[in-house]
Amino acid sequence: MRGPLGAVIGRYTSSDGSDKDGIIKHNRKCRDITFLVIFIAFWVSMIVNSSFGFNQGNPLRLTYGLDYEGNVCGSNHRHRDLTQLELRYWLNPNQVYESGLKDGELTLGNARTICLLDCPEPSDDTLNWVCDYPDGEIRLKMDDWIDRNYDYFEFLTPEMRNSSLQLQGPCYPIIFPSVNVYWSCQYIARASNSSLRHWQQMGGVSIQEDMIIDKSIRRSMNSRASVLKRYVADIGKSWPVLIVCGGLVPLFLSIVWLLLIRHFVTAMPWITVVLFNMLLISVTIFYYLKAGWIGDDAVTPIIGEHDPYIHVYGRELTHVRIVAILMTFISAVAILTSIAIIRRILMATSVLKVAAKVIGEVQALIIFPAIPYAMLAIFYMFWLSAALYLFSSGQVVQNNCNNTNCCAYDLVLKKVNCEHCCGYSIRYTPHITVAIFFHLFGCYWATQFFIASSATVIAGSVASYYWAQGEEAASPEIPFLPAFASMKRLARYNLGSVALGSLVVSFVESVRFILEAIRRRTKVRGTTPDHWLRRMGYYTSRGCLKSVEWTIKSVNRNAYIMIGITGKSFCKSSAIATELIINNVMRIGKVNVIGDVILFLGKLCVSLFSALFGFLMLDSHKYRSSHNKVSSPLLPVLACWGLGYVVATLFFAVVEMSIDTIILSFCQDSEENQGNAQHAPSLLLETLDSNHYGEDGY
């Protein structure tokens, strides 16, 4: 049976008759040590896993392509500096054409590519050429080759010229115009009549010029793997936006919100609800702008200046439009829900007043979240850097192909070479996929751990405040800097319990994510159960798993409170908290729920502000053109929203955990004193009694 908490957390007399040991006893012991060891081992594994990414990866691979030597465009290599040459260009138009045929033997990955500074354009009065990197007898420096627009056809020997006319290099004619699409020059299926005529007059081989010429490049650019790489690269390019909009902006807004709660608690629920709806509508409008449904500022895959009549489709635009529709639905539901809860806002005001009083008494709580915030910021910077390298890790290997289709003149060997002339690609091994999923799981577990640690410290601090009140307390003073005293107790005794709780949430969320991914894949394949009974079980299992996840998160939060108060293990604290809530659910349930709703809307306000600022920063010229262009604002804005929500969770936990801790302490206080809480603040008694006796009024 559970003993009275008053003996655990009430002021007590030490062996020498003094009260120096304080409000919460310190005769604790370490709990759940096994899971603390597991958590430490996990961190060691994270470091090892990240070191593999730093060793094997290159984030430039996420943005730029490979040339015919296996070099990454836009990077410096041992024997060739391609730092300025960021654009990948396909040299042989016939190879590109063949790769678009259903029965073609050559794939686009084996077509000959080169890195250029800009996309070449055909001339109206002559025939321009793009030649291989200068090697062998072609004694040009790379800078001179660039200044000559990659053309040294006039320096070729008769043998080289004949090879070039057979589309085997080292120079290739510019017949089709091209446009910069995500740092690859995509052919426009409109051959230059003048260039084609000059080519034919020189005796060049036949060049295919129908509409299929750009099919394979367009298909490659819009493949799922290519889109995913660009999304991940967008995160790396927009790191200043993530720091400002995912770190500094939510930090400032969260502190402001806490101060407003402290001094303008009556108006804050109303302000929060109205502001939430306004921000949601504003973010939705921005998505409409980027979807092209308002104005002409739609997301485009073309980089730099181009012919306005050229339109290239990118899958990112479809994704933005899907999110815009989703945000429209969410906005409509949010507005209707806000209207429905207007009658409950007054109840939330009375609950928040209790938290405001606690913040006023224990002022260290306002600044304490800055500590886990700083630790999380350092972790996220390390994690994001490692993630970029892990996503780009792999080995650059030469493909296996039919060598007769890729023959090219070798300037070093001085002959047409049909051996080892295939293209290059990045080979990903299965263990890289495992490493990436482990890295993602690690991020979620670490985030939950820091949030849980912060919540436990706040709970211990607020418990000191609660049990120092009332006639039975020896004195009403609060310990000096109770948040830091509570943090010391956590670090010394209960880190293992927090690691266990955060692991449970992370594991359940990961299982739900995996099952949802399987569901989506089976839905695409058309293998969703047909029989109504199987379908009912299918969707019921999904709902049950979601309910289990929500229940575990709720139980965890209350368990952290009891850990901060009693120092018990995670499982024991969960049992104590659950019993207290079940015994008092009729009295505290409605008060607690409506308070949580307002706090949840407050977190969304901060995160939506972060997303809105992210949109504004990404709309600047720096991220819309040239080197730092992001393919879509979708993922950076979503990252700003997620980071803003995490930061808001850390700071809003001051109010959230204050309310929950005081309510749980009140429940235990009432049980120990036959329903008459001796330590409860008068404001809390008024709030609970007005709700309990005024049910019919609502």
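Mentor: Happy to. Let's start with a term: buried means under 20% relative accessible area, exposed means over 50%, and partly exposed is in between, using a 1.4 Å probe and protein chains only. This is a predicted model, where local features need pLDDT of at least 70, side-chain atom pairs count only at pLDDT 80 or more, and totals for chains, interfaces and linings use all residues. Residues are numbered from 1 along each chain as its sequence is written, and side-chain values use heavy atoms, with hydrogens and water left out.

Trainee: What share of the 698 residues counts as buried?

Mentor: In the protein chain, 52% of them do.

Trainee: And how many helices and strands are there?

Mentor: The protein chain has 21 helices and 10 strands. Both are DSSP runs numbered from the N terminus: helices are H or I with at least four residues, strands are E with at least two.

Trainee: Which residues does UniProt annotate as "transmembrane region"?

Mentor: The unreviewed entry lists several spans, including 267-289, 495-515 and 593-615. UniProt positions are in the numbering used here, feature names are shortened, and annotations may be inferred rather than shown by experiment.

Trainee: How far apart are the ends of residues 267-289?

Mentor: Their end C-alpha atoms lie 33 Å apart, and the span is 96% helix and 0% strand. For residues 495-515 the distance is 30 Å, with 100% helix and 0% strand.

Trainee: Let's talk packing. At what angle do helix 14 and helix 15 pack?

Mentor: Helix 14 (residues 370-391) and helix 15 (residues 430-466) pack at about 175°, with axes 11 Å apart. Axes are lines fitted to C-alpha atoms, for helices over the stretch in contact, and angles run from 0 to 180 degrees between N-to-C directions. That makes helix 14 roughly antiparallel to helix 15. For such labels, under 35 degrees is roughly parallel, over 145 roughly antiparallel, 65 to 115 roughly perpendicular, and the rest oblique.

Trainee: What classes of residue make that contact of helix 14 with helix 15?

Mentor: There are 17 nonpolar, four polar and no charged residues. Ala, Val, Leu, Ile, Met, Phe, Trp, Tyr, Cys and Pro count as nonpolar, Asp, Glu, Lys and Arg as charged, and the others, Gly among them, as polar.

Trainee: How do helix 8 and helix 9 cross?

Mentor: The axes of helix 8 (residues 224-237) and helix 9 (residues 239-263) come within 5 Å and cross at roughly 65°. Helix 8 is therefore roughly perpendicular to helix 9. Ile235, Gly236 and Lys237 of helix 8 make the contact with Trp239, Pro240 and Leu242 of helix 9; contact means heavy atoms within 4.5 Å.

Trainee: Switching to Lys290: buried or exposed?

Mentor: Lys290 lies in helix 10 (residues 268-291) and is buried, with a relative accessible area of 9%. Leaving aside neighbours within four places in sequence, Lys290 has contacts that include Asp297, Phe615 and Asp619.

Trainee: Why does Phe600 count as partly exposed?

Mentor: Because its relative accessibility is 39%. Phe600 sits in helix 19 (residues 585-618).

Trainee: Last one: how do strand 5 and strand 6 pair?

Mentor: They are antiparallel, over four bridges; two strands pair if DSSP finds at least two bridges between them. Asn180 stands opposite Cys185 in strand 6. The hairpin has two residues between the strands, and Tyr182 there takes a positive phi near 50°.
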